[in-house]
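Hi,

Here is the structure I promised to pass on.

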Amino acid sequence: MKPSCSVCSSPEIALATAMIQADAGVDEIATATGLSAESLERHMVECVAALAEDSLLNSDERMRGLAAQIGAAALASGLQGDTKGQLAGLSLALRCEIESRRALENRLEKSKTVHADPENPATWPAEAQKLFAGFCDFVLKARCDAAK
Ligand SMILES: [Zn+2]
């Protein structure tokens, strides 16, 4: 939230936020709240979008914290002889770990795509290498069939 934003500092911020989350249009929100369409548009770009980016970054941090807490709870259950609770906790911690790992892999794959060199297949993401190999096979087969 920016203190300089007239939407953020408006008493209508709760209504505006609820309407934004419900995918209401800028004009619709302006009519309902009395705020100007220009300031609402600026708020969407500078405040709402910035917040979404921030929560994506913080999400990883929260996930790691959660996994650590679950791990500690599972350990405590185990020490108290509660093996069912221990297993349930470990299974949850594992799921958190898998989710974090998937997010990291997605990010890695995305960054590879951005830095892929068209003249160096080794820099291509695995999916692109597979697609290209399939394409080459297809072309070769078509050429071979045509030559018969
Ligand atoms: Zn704002």
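To start with the overall layout, the centres of domain 1 and domain 2 lie 38 Å from each other, taken over C-alpha atoms. Domain 1 covers residues 13-115 and domain 2 covers 117-148. Please keep in mind that this is a predicted model. Mean pLDDT for the chain is 83, with 92% of residues at 70 or more. Helix α2 (residues 26-33) has the highest confidence, at a mean of 94, while helix α4 (residues 83-115) has the lowest, at 77.

Helix α1 (residues 13-21) and α2 have axes that come within 10 Å and cross at roughly 155°. Angles over 145 degrees count as roughly antiparallel, so that is how α1 and α2 run relative to each other. The crossing of α1 past α2 is right-handed.

In the loop between those two helices, α1 and α2, sits Asp23. Most residues other than glycine have a negative phi.

Two residues are worth a click for their contacts across the sequence. Ile20 belongs to helix α1, and its C-alpha is 8.4 Å from that of Met44, although 24 residues separate Ile20 and Met44 in sequence. Ile20 has 18 C-beta neighbours inside 10 Å, so it counts as partly exposed. Burial would take 20 or more.

His43 is in helix α3 (residues 37-79). Is His43 buried or exposed? It is buried, because 25 other C-beta atoms lie within 10 Å of its own. Cys8 is 35 residues away from His43 along the chain, but the C-alpha atoms of His43 and Cys8 are 7.5 Å apart.

Last, the other end of the chain. Helix α5 takes in residues 126-147, which makes 22 residues. From its first C-alpha to its last, α5 reaches 32 Å, close to the 32 Å expected at 1.5 Å a residue. How many of the 22 residues in α5 are buried? The count is zero, so α5 is hardly covered, given that a residue needs 20 or more other C-beta atoms within 10 Å to be buried.

Happy to go through any of this with you.

Cheers

Terms used
Residues are numbered from 1 along each chain as its sequence is written. This is a predicted model: local features need pLDDT of at least 70, side-chain atom pairs count only at pLDDT 80 or more; totals for chains, interfaces and linings use all residues. Domain bounds come from an automatic or database domain assignment. Helices (H or I, at least four residues) and strands (E, at least two) are DSSP runs, numbered from the N terminus. The expected span of a helix is 1.5 Å times one less than its number of residues. A residue is buried if 20 or more other C-beta atoms lie within 10 Å of its own, exposed if 12 or fewer, and partly exposed in between; C-beta atoms are placed from the backbone. pLDDT is the predictor's confidence in each residue, from 0 to 100. Axes are lines fitted to C-alpha atoms, for helices over the stretch in contact, and angles run from 0 to 180 degrees between N-to-C directions. Angles under 35 degrees count as roughly parallel, over 145 as roughly antiparallel, 65 to 115 as roughly perpendicular and the rest as oblique. A crossing is left-handed if the near helix is turned anticlockwise from the far one by less than a right angle, and right-handed if clockwise.
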